[in-house]
Amino acid sequence: MAGLVGWESFGVMTGGASGALTGLLFVAVSLNAERIAGHPVLRAIAAQTLVLFLAPLVMATVLLVPRQPDWALGTEFITAGLGGGVSLLVIERRKRRVANVPRRRAGLFDRRDTGIVVMLLFVAGGAVLACGLPTGLYLLLPASVVAFVSGVLSAWNFLLPPPDVM
């Protein structure tokens with residue numbers, strides 16, 4: 001718990017950004033709801049993007065629970081990271097079943113691997129924290145940044161989809 005001093009602001013900022021981006025994702029999907037509803041690959045990409053935006057929100061929520069021991073917080077990060085990773089893998093499996101998904105403009109950030117890296121960073125940070133080392137909290141920063149950038153690039157594709165996804 002001693003290592004959490006100063007991380008409250010990070011949790012508040014990350015949670016707020018995550019909530020705002022999740023809301024914007026719903027707006028982007030709503031603007032193209034008919035096209036997305038009729039296309040299983042776009043629905044899967046929307047679900048993956050939602051997981052990427054919600055992961056930092058969950059992280060911020062558990063980070064802000066008062067007076068948690070480090071091992072409990074670490075365990076919560078591990079659980080959230082594993083849950084998010086499994087969700088991304090299930091969504092990707094369904095997406096690949098319906099179509100051969102070509103490489104898209106978003107490149108690296110539009111791949112399942114990026115989302116899995118985010119979840120592994122949450123798991124690794126949680127494991128380090130659960131072992132009693134507060135330095136595991138520093139892995140939350142790259143995990144959150146990559147989740148946000150990857151999610152924004154995916155959400156952008158709903159507004160300006162590549163021709164092969166229409």
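Predicted model: local features only at pLDDT ≥ 70, side-chain atom pairs only at ≥ 80, totals over all residues.
## Helix packing and a nonpolar pocket

Leaving aside its neighbours within four places in sequence, Leu121 touches Leu139, Pro142 and Ala143. Leu121 belongs to helix H5, which covers residues 112-130.

Let us turn to the helix pairs, beginning with their geometry.

| Helix pair | Axis distance | Angle |
|---|---|---|
| H3 (residues 40-63) and H6 (residues 140-159) | within 9 Å | roughly 150 degrees |
| H1 and H6 | within 10 Å | roughly 15 degrees |
| H3 and H4 (residues 70-98) | 9 Å | about 180 degrees |

**H3 with H6.** The axes of these two helices cross at roughly 150 degrees, which makes H3 roughly antiparallel to H6. Their crossing is left-handed. On the H3 side, the contact is built from Leu42, Ile45, Ala46, Thr49, Leu52, Phe53, Pro56 and Met59. H6 answers with Leu140, Ser144, Ala147, Phe148, Ser150, Gly151, Val152, Ser154, Ala155 and Phe158. Sorted by class, the contact of H3 with H6 holds 13 nonpolar and five polar residues, with no charged ones.

**H1 with H6.** Here the axes cross at roughly 15 degrees, and H1 and H6 are therefore roughly parallel to each other. H1 passes H6 in a left-handed crossing. From H1, the contact draws on Phe10, Thr14, Ala17, Ser18, Leu21, Leu25, Ala28, Val29 and Leu31. Their counterparts in H6 are Leu140, Leu141, Ser144, Phe148, Val152, Ala155, Phe158 and Leu159. In the contact of H1 with H6 there are 14 nonpolar residues, three polar and no charged.

**H3 with H4.** What about the other helix that packs on H3? The angle between H3 and H4 is about 180 degrees, so H3 is roughly antiparallel to H4. H3 contributes Pro40, Val41, Ala44, Ile45, Ala47, Gln48, Val51, Val58, Met59, Val62 and Leu63. Facing them in H4 are Leu73, Glu76, Phe77, Ala80, Gly84, Ser87, Leu88, Ile91, Glu92, Lys95 and Val98. By class, the contact of H3 with H4 has 16 nonpolar, three polar and three charged residues.

**The second largest pocket.** Which residues line the second largest pocket? They are Leu21, Leu24, Leu25, Val27, Ala28, Leu31, Phe53, Val152, Ala155, Trp156 and Leu159. The space in this pocket comes to about 150 Å³. Helix H1 (8-31) and H6 each supply at least two residues of the lining, and H1 gives the most, with six residues. The lining has eleven nonpolar residues, no polar and no charged.

Several names come up again here. Leu21, Leu25, Ala28 and Leu31 of H1 are in the contact with H6 and also in the pocket lining. Phe53 takes part in the contact of H3 with H6 and lines the pocket too.

Key:
Residues numbered from 1 in each chain as written. Heavy atoms only, no water. Axes fitted to C-alpha atoms, helices over the stretch in contact; angles between N-to-C directions. Helix = DSSP H or I, 4+ residues; strand = E, 2+ residues; numbered from the N terminus. Parallel < 35°, antiparallel > 145°, perpendicular 65-115°, else oblique. Left-handed = near helix turned anticlockwise from the far one by under 90°. Contact = heavy atoms within 4.5 Å. Nonpolar A, V, L, I, M, F, W, Y, C, P; charged D, E, K, R; others polar. 1 Å grid on protein atoms, 1.4 Å probe; cavity = no way out; pocket = protein on both sides within 12 Å on 5 of 7 lines; lining within 4 Å. Points joined across faces, edges and corners; volume = space filled by probe spheres on them.
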